[in-house]
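Keep the viewer open as you read.

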Amino acid sequence: MSNTTFSKILPAVNKSASGINEQSGMRYIPFNKPFLTGNETIYIQQAVQSGKISGDGMFTKKCHEFFEQKFGFKKCLLTTSCTDALEMAALLIDIKEGDEVILPSYTFVSTANAFVLRGAKLVFADSSKENPNFDVHSIEPLINAKTKAIVPVHYAGIACDMDPIMQLAKKYNLFVIEDAAQAVDSYYNGKPLGSIGHLAAFSFHETKNVISGEGGMLAINDERFIERAEIIREKGTNRSQFFRGEVDKYGWVDIGSSFLPSDIIAAFLFAQLENLDTIQAKRKLLWQTYRDELAPLNNKLGFPFIPQYASNNAHMFYIVCNSLEERTALIRLLKEHNILSVFHYLSLHKSEFYKDKHDGRELVNSDHYTDCLLRLPMYFELEIADVKRICSLIKKFYE
Ligand SMILES: *Cc1c(COP(=O)(O)O)cnc(C)c1O
C-alpha cells in the first residue's frame, strides 16, 4: 500500500511543525503524533450547533452504535477515560475492602488504582517470557477465597490467552475485566478483544490508535451490569431510564459519579471511528516495515511475539534489548539522530506506593520488560522512509 492511499485525509492535519530540526537539518521524529482525519472540527461544530453538548448527545449515540455493531459488544458507554471505565468496572463488581484482584505487574497504574480505590488487595502476576502479557499458567495458584476478579491487560493490543482465563473465572466464580485500552480492533481467535470478559475498558487517549484527546469506553458483555452501569455513570441516578421514558421521575438510587464525556468529545471520536480501517491499515504497514527491516537482528534482541490465537492491531512496535545499559545507549543514539524512542511501564509490585504491600514474590519477566523494552515511533503520519532510517540506525547499533 502506498502513502498516496492515505493522502486524501491528510490535508486537515496540523502541519505547523515542519518536522525539520533547524540546526542539524535532520527530520525530527516524535514518538507519537495525534492524527486528525479531517472531520473532527466539522462534527464538533455540528454538536455545538445542535444545542446539546453535555453527555449522551447525538455523537455519543453514534459512537455507541459503531462499537456495538462492529464488535458485537452488548452495551457500550463512553467515559471520560479508560481510567474511569476501569473505576466503573470496580464499582459494578462491588469490590470491597479485602477483596483480591489478580492483574499483571507490568501495566499502567490505572489498571491497579481502579481496584485499590475500592479497597482491594492487588495480587500481581508475572508477564510471560514470550511477551509482556501475564502468564496464564501462573494465575490459578494465585486464586483463593478472597479473589474477586482477574484483569487481563492486552499489551500492545495483543490478546491474552482468554479461554483459560474464562475457564478459571467459571471454575472459581470470578469476574474478568479486560483492560483493552490498547486493544481496539484486535482479536482473540476471531473474537474482538473487549467482547470476552464480563466487562472491558478502552482508551481514546491521544497515544492510542483512535483518539479523542482524553476519552474511554466501558464495554458491557454481561447483561446483568447494564442497568446499574447507566446509573453509576450518571451520578447514581436513574436519569438514563427517565430519558427513555421507562420511569416517570428520576432520582438518587445508587452510588455513582460523573463518568460521561461531553458530546464534543464524542464528535471528535466519531470522526476517528469513521476512518478506523484507514488508520489501522497504515499502522499495520508501518509495523510490518519495522518487523521486516529488523529481521536481520532476530538473534540479537527480542521482538513482539504474536501467538496463533492473537491478531495484531499495530498499536505499538517495540523491541526488547538485552540490558538496561544497552537500552539507555540505544535511546541516546536515536535521540542524537532526532528520533524519540521511549521505554514503558515500571513493575507496579516494585513501585513506591505498592512495594510494601506486595507479597514478596519475584516477578522476573515483568522486571525484564521494565528494564529492556523499548517502544519505537508509531503514528499515522510516520513515513515508511522514516521507519527504514530508524531501523538502519538500530542495525548499525547492533553490528
Ligand atoms: C492508556 C492506558 C490506560 C489508561 O487510559 P486513559 O484513557 O488515559 O485513562 C489504562 N490501561 C492501559 C493498559 C493503557 O495503555
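A295 is in the loop that links helix 9 (276–293) to strand 10 (317–320); helices (H or I, at least four residues) and strands (E, at least two) are DSSP runs, numbered from the N terminus. Before going further, bear in mind that this is a predicted model, where local features need pLDDT of at least 70, side-chain atom pairs count only at pLDDT 80 or more, and totals for chains, interfaces and linings use all residues. Residues are numbered from 1 along each chain as its sequence is written, and side-chain values use heavy atoms, with hydrogens and water left out.

If you want a sense of distance, look for L77: A295 and L77 are 218 residues apart in sequence, and their C-alpha atoms are 41 Å apart in space.

Now for some backbone angles. Most residues other than glycine have a negative phi. A156 isn't a glycine, yet its phi is positive, at about 60°. You'll find A156 in the loop between strand 4 (147–150) and helix 5 (162–172), and it is buried, at 2% relative accessible area. N173 also has a positive phi, near 60°, and is not a glycine either. N173 belongs to the loop between helix 5 and strand 5 (175–179). Is N173 buried or exposed? It is exposed, with a relative accessible area of 70%.

On to the ligand. The space it takes is the largest pocket, a pocket being an open set of points on a 1 Å grid over the protein atoms alone where a 1.4 Å probe fits, with protein on both sides within 12 Å along at least five of seven lines. Around the ligand there are 14 residues, and the closest are T83, D179, Q182, S203 and K208; to be near, a residue needs a heavy atom within 4 Å.

Which atoms come up against the ligand's oxygens and nitrogens? A polar side-chain atom of T83 is 2.5 Å from a ligand oxygen, and a backbone N or O atom of C82 is 2.9 Å from an oxygen of the ligand. D179 places a polar side-chain atom 2.8 Å from a ligand nitrogen. Taken alone the ligand exposes 390 Å², and the protein buries 93% of that, with areas from the Shrake-Rupley method and a 1.4 Å probe.

Note on methods
A polar contact is a pair of N or O atoms within 3.5 Å; within protein, one must be able to donate a hydrogen and the other to accept it, and residues adjacent in sequence count only if both atoms are side-chain atoms. On a 1 Å grid over the protein atoms alone, a cavity is a set of points where a 1.4 Å probe fits but cannot get out, and a pocket is an open set with protein on both sides within 12 Å along at least five of seven lines; lining residues have an atom within 4 Å of a point. A molecule sits in a cavity or pocket if more than half of its atoms lie within 2 Å of its grid points. Buried means under 20% relative accessible area, exposed over 50%, partly exposed in between (1.4 Å probe, protein chains only).
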